[in-house]
Amino acid sequence: MMQLTKGLIPFWSEAFTDTERSNVALSVNRAVRRERVLTLDRPWEGNGGTYSCVIRDGDLYRMYYQTCILTADERIPQIHVCYAESRDGISWETPSLGLCEWNGSRENNIVLLGINDNFSMMLDENPACPPSERYKAVLEGGFSKDFPDGKPPYKLVLMTSPDGFHFSEPREISKGYPYDSQNTLHWDGYTGKYYCYFRDTLKKEFSPNAAWKDSPVRAIRVMESTDCVHWSDPVLLEYMGGEEYPMYTNCVMKYPFDNRYFIGFPTRYVERTEWNANFAQQAAPELRRKRYQMKPRLGLATTDCVFMSSFDGYRWHRFDEATMTAGPEGGFNWLYGDCYPASGALLETPSSVEGEPRELSLYVRTRSPKDETVTEIVRYTYRKDGFASYKATYRPQALTTKPFRLDSVNRLFMNFRTSARGYVYVTVLDEKGTPRDGYRSCEYFGDSLHREIVFDRPLSELAGQPIRLHFDMSDAELFSLELV
């Protein structure tokens, strides 16, 4: 039986739900596309780009984004890390840093010049972290100058910095895996450990549940450490029996409103087996055909993004329905390379509609709809806790939790919305499902991130007793609960 103390109960999985007593559907929610925040069209920003990461540093938001110059043979002679910053997460500036010389000038926002690939940054909140290592970056291989043949060894390296601009020499933390994706590093204050998530590629014989039978599975591994020096043996993530389809990135992070939870927005790689009439009718058919002729998978592959969550960082509930797609066809979308959210952190930003609650923002690399050689960074948003939810139809439906015990809790809040006709009633049940006297709420309706559920009797009387919560719903959506 669960023991629930104060904090968030998100409905991102069925972990809290008695599915045999419930008939309301749980489903993932789509991110909402907002405005373009950066256009990467300066000479050192090249004609291609992949990964970005965002961190919150006090009142300042920092973004680090890769730029690269692509050539016809798909080699990447130059990959740089550039910098932008913002006070609100909506308006971003790219200050001239004077750190790196490019084409005879230091008037640019380049932080690192000529890396190999797959850069990601974290701000270390470990109380024992030395100030000189407060910023930590992981990347594949190190710097391209160290690999003149263009083939870096299979290794993952760590660099540290006191200010996010001046970095130590790379230090190897893992070897023997591909690492050919954006790999992420996190500090977890609850366990007192660092977690590093990185790319692996599994052969077919190790992927019995693979959805795509004709290609290897791009998978995610995790390793842990107490000091960021000595690391455990990496293990594959578990998806509760889900399909082993290719996950191109992991985009794992801690949830800012209750960092007991890990969340992830991995990019899913989908490679169809042959050209057909649909490809020729989608956006940018000429570019797609050119890519196909260069290398078939570059024309046949598409990418989207899914949502997943975990309590321990190893076992994940992953929705197979996309939380983000390339959107309506037009310009140069629906190609391999769409839907790469920035790693690092979600940012809480002002609502796009004046007077409405603040939103959670993700930042996504995309191609300019007017020029295939120019990339853009676009903001996408979610409602607070709103990555997934239970959605009741107009015909009344019900949700019942698993039994649990309350510990030192006397207030209950609900993140929900209904139609004008819709409703939510909340009832406290005993362990067997019988309503407790004095614990049937009034009719709740509206749209609120934090509506208090009021009963005739105080919740504190139930401390230590096994109970369930039951929700009667019509034309309503339930995102999360909070115990206070």
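Hi everyone, let me start with the cysteines: this structure holds zero disulfides, a disulfide being a pair of cysteine sulfur atoms within 2.5 Å. Cysteine 82 is in no disulfide, and its nearest cysteine sulfur, on cysteine 100, is 8.7 Å away. Cysteine 82 counts as buried because its relative accessibility is 0%, whereas cysteine 442 is partly exposed, at 45%. Here buried means under 20% relative accessible area, exposed over 50%, and partly exposed in between (1.4 Å probe, protein chains only).

A quick word on the source. This is a predicted model, where local features need pLDDT of at least 70 and side-chain atom pairs pLDDT 80 or more, while totals for chains, interfaces and linings use all residues. Residues are numbered from 1 along each chain as its sequence is written, and side-chain values use heavy atoms, leaving out hydrogens and water.

What does phenylalanine 387 touch, beyond its neighbours within four places in sequence? Its contacts (heavy atoms within 4.5 Å) include Trp12, Tyr255, Phe265 and Leu360.

Back to β33: it pairs with β28 in the antiparallel sense over four bridges, pairing needing at least two DSSP bridges. Threonine 400 stands opposite histidine 470 in β33. Thanks, everyone!

Notes
Helix = DSSP H or I, 4+ residues; strand = E, 2+ residues; numbered from the N terminus.
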